[in-house]
Amino acid sequence: MIRKREFLSKILLMVAIATVSITITHAVIAAVSAPTMSADEALKLLLDGNQRFVAGKLEHPNQTPERRAEVAKGQHPFASVLACSDSRTPPEIIFDRGLGDIFTVRVAGNVADKVVIESLDYSVKHLGVRLMMVLGHRRCGAVIAAVAGHEEEGDVGPMLSELRPAVEASKGMAGDPVENAVRENVKLVMKNLATSEELSAMVKSGELKVVGGIYDLDTGTIEMLKN
Ligand SMILES: [Zn+2]
């Protein structure tokens, strides 16, 4: 009888813990900021802007003093972009956007260490972003260095360490090793984003999208990668 009671109380305790954790999970998801717009709408805005950039028909939206005053009160960007620090790949220019539009993280080789991931998570949880884009680019100097140095022994810096998995993954592929590593890097970084409990739930439900693209330095176009 005592054993049965102990068993029952254990079950009740487990149910109580499960209920509390479900409630907490819901509370965490509910705490995520309302969307600025849907992921699909956001992607369309970015790609439309890129088409204007490619065609040389820039509109320079949201770059007026009025827009500056508007966003000074608070920001609600519609997309996050993780791009390379390369001076030829500024997201606001290649997507023809302005102030308060894109939450941008730029780092050599568009790698995602913990601080980068935390920054992008913030844009979803607190600023209303529902589209994250990882943007690699052709002939990336960081990737060139990683490909050239991957056989070397010894200590490498944090950036090359972050790029090493992409170099390894693309080893032996047909075609240009740098171009292949650029693509693999974007794919691997995409996998590392939105992995927290609340963000991965949003990805599963389709509310949040993580997309990848490769920017062409010569034409200005962006090739979207298939997931
Ligand atoms: Zn680069």
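The count of salt bridges here comes to 16. Keep in mind that this is a predicted model.

Start with Glu59 and Arg52. Their side chains form a salt bridge, at 3.7 Å from N to O. Are the two partners buried or exposed? Glu59 is exposed, at a relative accessible area of 54%. Arg52 counts as buried, because its relative accessibility is 16% and the cut-off for buried is under 20%.

Next, Glu179 and Arg138. In this salt bridge the closest N and O atoms are 3.0 Å apart. Where do the two residues sit in the chain? Glu179 is in helix α8, residues 177-192, while Arg138 is in the loop between β3 (131-137) and α6 (141-149). They are 41 residues apart, and the pair links distant parts of the chain. Glu179 is buried, with a relative accessible area of 19%. Arg138, at 30% relative accessibility, is partly exposed.

Arg139 counts as partly exposed at 40% relative accessibility, and Asp218 is exposed, with a relative accessible area of 55%.

Last, the network. Which residues does it link? Salt bridges connect Arg67, Glu70, Arg97 and Asp101 in a network.

Terms used. Residues are numbered from 1 along each chain as its sequence is written. This is a predicted model: local features need pLDDT of at least 70, side-chain atom pairs count only at pLDDT 80 or more; totals for chains, interfaces and linings use all residues. Side-chain values use heavy atoms; hydrogens and water are left out. A salt bridge is a side-chain nitrogen of Lys or Arg within 4 Å of a carboxyl oxygen of Asp or Glu. Buried means under 20% relative accessible area, exposed over 50%, partly exposed in between (1.4 Å probe, protein chains only). Helices (H or I, at least four residues) and strands (E, at least two) are DSSP runs, numbered from the N terminus.
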